[in-house]
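Me: I am new to reading protein models, and I would like a close look at a single part of this one. Could you take me through that part slowly and show how it sits among its surroundings?

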Amino acid sequence: MQILPQILFVLVAGFATWLFATRASRIRRNILLGKEEDYSGDQPERWKNLLLLAFGQKKMFKKPLVAVMHFVIYAGFIIINIEVLEIFLDGIFGTHRLFAAPLGHAYSYLINFFELLAAGVIIVCIAFLSRRNIIKLKRFISHDLDGWPRSDANYILITEIILMTLFLTMNATDTLLQQRGYSHYAEHITGNFSVSAFLQPLLSSLSSNSLVAIERTCWWLHILGIFAFLNYLPYSKHLHILLAFPNAYYVRLKPQGYMKNMPEIQKEVLYAMQPELAPAEAAPPASFGAKDVKDLSWRNLLDAYSCTECGRCTAVCPANITGKKLSPRKIMMDTRDRSEEVGRNIDQNKEFKEDGKTLLHNYITVEELRACTACNACVEACPVGISPLEIILELRRSLVMEESNAPQEWNSMFSNVENNFAPWKFSPDERDQWAESV
């Protein structure tokens with residue numbers, strides 16, 4: 001009978017791991033639907049960005065108080081996983097506090113540190129829930145978060161509170177059973193821990209059997225909660241907990257004002273100016289810009305899946321501030337949603353079959369795209385190096401060059417650039433005449 005809990009644990013752990021791996025492989029497939037783009041160079045700079053942006057959360061510290069609170073949750077998630085590793089191994093081998101003997105006195109210091117982190121996570125999660133649901137900061141109540149996205153954030157924060165509470169309660173009952181010398185709990189005397197000790201007065205009147213039942217229940221709920229959390233992540237904005245690291249590594253190293261040229265257009269201009277360079281049978285480009293997710297690069301789609309939906313991009317967007325429809329956060333959410341839809345189409349049909357939809361028009365409107373001033377404020381504000389602007393520019397290029405869909409003011413400017421080599425309606429020969437009247 002002693003082996004049954006171990007068998008059950010291994011089965012549950014194996015199923016949870018398989019489920020997560022299956023979903024992760026689909027997300028990877030969806031990201032790689034994008035066009036190839038080379039980000040292999042500048043490795044020292046990329047590792048630096050990984051350390052500063054993902055691990056160090058450099059951009060978050062523009063607002064120190066919020067940054068510290070976010071760092072507590074982040075550190076709790078990363079560091080307390082060491083404790084989860086012990087629980088995981090205990091479940092497989094049927095042991096109890098496997099690391100206690102090898103680590104000796106250091107074990108108690110380690111668990112004390114974990115408990116302080118757990119208490120910090122609970123406090124910060126309550127604060128963040130208040131910011132979203134009581135204080136209602138503007139960027140958390142905008143309409144692009146209506147429905148599931150707003151609930152998603154609350155579910156994660158509440159789950160974090162429950163998991164940390166289970167961890168502290170498990171430790172409180174465990175140390176009480178140690179003090180009573182009950183069964184195998186007495187094999188490793190750790191002493192009271194810094195935070196769970198405050199829960200002991202609430203539990204000390206219970207019988208040892210009741211304490212064992214509570215300890216085991218908390219142990220199982222905690223690890224099952226971790227497995228559930230792991231498999232919830234791929235469906236949640238909190239996937240950024242994992243994808244922030246590759247996203248920071250592959251962050252764009254060009255200056256933020258740099259816009260990628262289209263080689264097809266450069267060649268057309270070159271051939272127009274020097275026809276002798278044109279090949280005899282030059283194949284026309286397949287398309288300009290991007291109309292759907294498969295026309296974007298894999299890097300753009302990784303951005304979409306890494307989006308934290310924090311809204312810092314939208315909060316600093318001048319178009320959004322002045323009441324226009326554009327929300328950089330919504331651009332990223334729409335791109336991810338369309339990628340998911342295309343992925344489901346492939347899963348269902350074994351290949352993509354036209355569904356009459358595109359990212360442009362069906363998800364992101366012309367009005368949104370035209371509102372963008374290309375100021376890069378959204379790119380600068382993003383904590384994990386996401387660029388909504390790249391997606392906006394690619395969609396806008398398709399809109400203008402594939403559909404000839406541009407306002408009259410833009411068309412006038414395009415004509416002037418083509419004829420006068422400048423946005424203004426003056427010939428190059430007359431361009432300096434304004435100085436004559438000075």
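This is a predicted model: local features need pLDDT of at least 70, side-chain atom pairs count only at pLDDT 80 or more; totals for chains, interfaces and linings use all residues.

Reply: The part to look at is helix 13, which covers residues 298-306. Nine of its nine residues are buried, so the helix is largely enclosed by the rest of the structure; buried here means a relative accessible area under 20%. The buried residues are Trp 298, Arg 299, Asn 300, Leu 301, Leu 302, Asp 303, Ala 304, Tyr 305 and Ser 306. If you then ask what surrounds them, they pack against helix 1 (4-31), helix 11 (240-249), helix 16 (328-349) and helix 20 (388-401).

In soluble globular proteins, nonpolar side chains tend to be buried together. In this model the largest nonpolar core has 44 residues, and those that touch the most other members are Ile 31, Leu 326, Ile 331, Met 332, Leu 369 and Leu 395. Helix 13 is among the elements that give two or more residues to this core, and these elements also include helix 1, helix 11, helix 16 and helix 20. The largest share, six residues, comes from helix 20.

Note on methods:
Residues are numbered from 1 along each chain as its sequence is written. Side-chain values use heavy atoms; hydrogens and water are left out. Buried means under 20% relative accessible area, exposed over 50%, partly exposed in between (1.4 Å probe, protein chains only). Helices (H or I, at least four residues) and strands (E, at least two) are DSSP runs, numbered from the N terminus. Contact means heavy atoms within 4.5 Å. A nonpolar core is a set of buried Ala, Val, Leu, Ile, Met, Phe, Trp, Tyr and Cys residues joined through side-chain atoms within 4.5 Å.
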